[in-house]
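Subject: Structure for you to look at

Dear colleague,

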Amino acid sequence: MKQTTVVQHVQEQEKKFLGATGELASLMNEILAGAKIISLELNKAGIGGDILGATGTRNVHGEAVQKLDDLANSTFLSIISKSGTVCAITSEEMENPVIVPPEQAGKYIFMMDPLDGSSNIDVNVSTGTIFSIYRKKSPGDKVTDQDLLQKGADQVAAGYVVYGSSTMLVYSSGHGVHGFTLDPSLGDFILSHPDIRIPEQGNIYSVNEGNTENWGDKQKKFISYLKEKDRASGRPYKARYIGSFVSDFHRNLLKGGIFMYPSDAKNPSGKLRFEFEAGPMAFIVENAGGRASTGSERILDITPTDIHQCVPLYIGSRFDVEAAEEFLRN
Ligand code: P6P
């Protein structure tokens with residue numbers, strides 16, 4: 001059977017849709033190199049070494065930084081900054097952007113959550129890397145907010161790597177969503193899930209119900225609605241919440257369903273970051289036929305005012321996200 005690698009696939013897409021520049025394929029290849037390194041580190045994290053646990057520092061959101069967060073961030077930063085394809089890198093783990101010297105810079109802006117769900121690593125729960133790629137917009141070599149704070153719909157490509165029972169890359173460059181599985185014997189990611197489409201409606205809901213007391217009444221009513229018994233509308237839904245966004249998102253992408261991180265009394269703007277989590281996953285889910293909103297505003301219509309801006313998030317099967325929006329409207 002013909003085995004298609006990520007670079008071959010991106011090159012085919014570029015020729016068909018994006019104009020064959022080769023830079024995006026080259027950047028994707030660098031991302032894969034970082035993903036292979038992190039996958040190896042995660043698979044042996046419990047064996048010797050001192051790579052598990054927290055660093056004792058906190059990120060810009062006050063969250064405890066895990067040692068593997070730092071390793072993932074520095075690994076991708078080192079590889080991507082030298083790729084010759086990007087002029088700036090922003091990361092959930094870095095307060096400020098890294099600007100690539102003009103002589104080594106390329107035309108893309110690279111944004112990442114280097115290791116999402118890292119608090120789960122010590123208990124062997126799957127985690128992931130999320131990335132988003134924009135084109136530089138401002139004239140000349142200087143990187144400005146016009147480049148770093150772009151509308152979600154202006155993404156060139158977005159994707160994630162899920163480090164689970166297998167290591168998978170799922171990406172979209174605006175023309176379908178495609179999944180690749182790492183073949184450890186080859187050391188390459190091979191096309192395994194071409195043209196992923198999220199089911200129009202699912203029967204899974206993913207939310208941290210420990211926050212129920214912090215929710216507004218409309219959010220509480222929606223979750224109660226999903227739990228009611230009504231076979232005609234496929235209820236009750238199943239509750240599935242891993243606490244690792246990439247894993248919850250990936251399962252719902254393949255099986256259908258809705259992931260929610262609402263605004264609440266504790267997190268009035270929600271918890272998930274626009275640039276590193278909500279924006280890239282919204283790009284992917286829409287390209288797979290799904291929907292992503294804050295509950296009232298389409299995620300991809302948002303232009304952030306800060307690189308670490310958080311947004312409430314309802315994302316997944318179109319029917320289920322629209323149902324949530326209906327409850328939050330009335
Ligand atoms: P909570 C992980 O820290 C993360 O950013 C996402 O991966 C995950 O969905 C969410 O936070 C879990 O947050 O508040 O439910 O523990």
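Strand E13 (residues 258-261) and strand E15 (residues 313-316) run antiparallel and are joined by four bridges. Within this pairing, Tyr261 has Leu313 of E15 as its bridge partner. Please bear in mind throughout that this is a predicted model.

The two strands belong to an open sheet of five strands, whose order is E12-E11-E13-E15-E14 and whose pairing is mixed. At the edges stand strand E12 (238-239) and strand E14 (291-293), and each has a single partner strand, so one side of each is left without a neighbour in the sheet. As background, strands of a sheet pair through backbone hydrogen bonds, either parallel or antiparallel.

Two helices pack on this sheet. Helix H5 (residues 217-227) touches strand E11 (204-206), E13 and E15, and the direction of H5 makes about 155° with that of E13. Helix H7, for its part, touches E14 and E15, and the direction of H7 makes about 30° with that of E15.

H7 also meets another helix. The axes of helix H6 (residues 245-255) and helix H7 (residues 274-287) come within 12 Å and cross at roughly 15°; since angles under 35 degrees count as roughly parallel, H6 and H7 are therefore roughly parallel to each other. Their crossing is right-handed. On the H6 side the contact is made by Phe245, Val246 and Phe249, while H7 contributes Glu277, Met281, Ile284 and Val285.

Strand E8 (residues 167-172) and strand E9 (residues 178-183) run antiparallel and are joined by four bridges, with Thr181 in E9 as the bridge partner of Met168. E8 and E9 form a hairpin with five residues between them, and in the turn Gly174 has a positive phi of about 95°.

E9 pairs as well with strand E10 (residues 188-193), in the antiparallel sense and over five bridges, and here Gly179 stands opposite His193 in E10. E9 and E10 likewise form a hairpin, with four residues between them, and the turn holds Gly187, which has a positive phi of about 70°.

Key. Residues numbered from 1 in each chain as written. Predicted model: local features only at pLDDT ≥ 70, side-chain atom pairs only at ≥ 80, totals over all residues. Heavy atoms only, no water. Axes fitted to C-alpha atoms, helices over the stretch in contact; angles between N-to-C directions. Parallel < 35°, antiparallel > 145°, perpendicular 65-115°, else oblique. Left-handed = near helix turned anticlockwise from the far one by under 90°. Contact = heavy atoms within 4.5 Å. Pairing = 2+ DSSP bridges.
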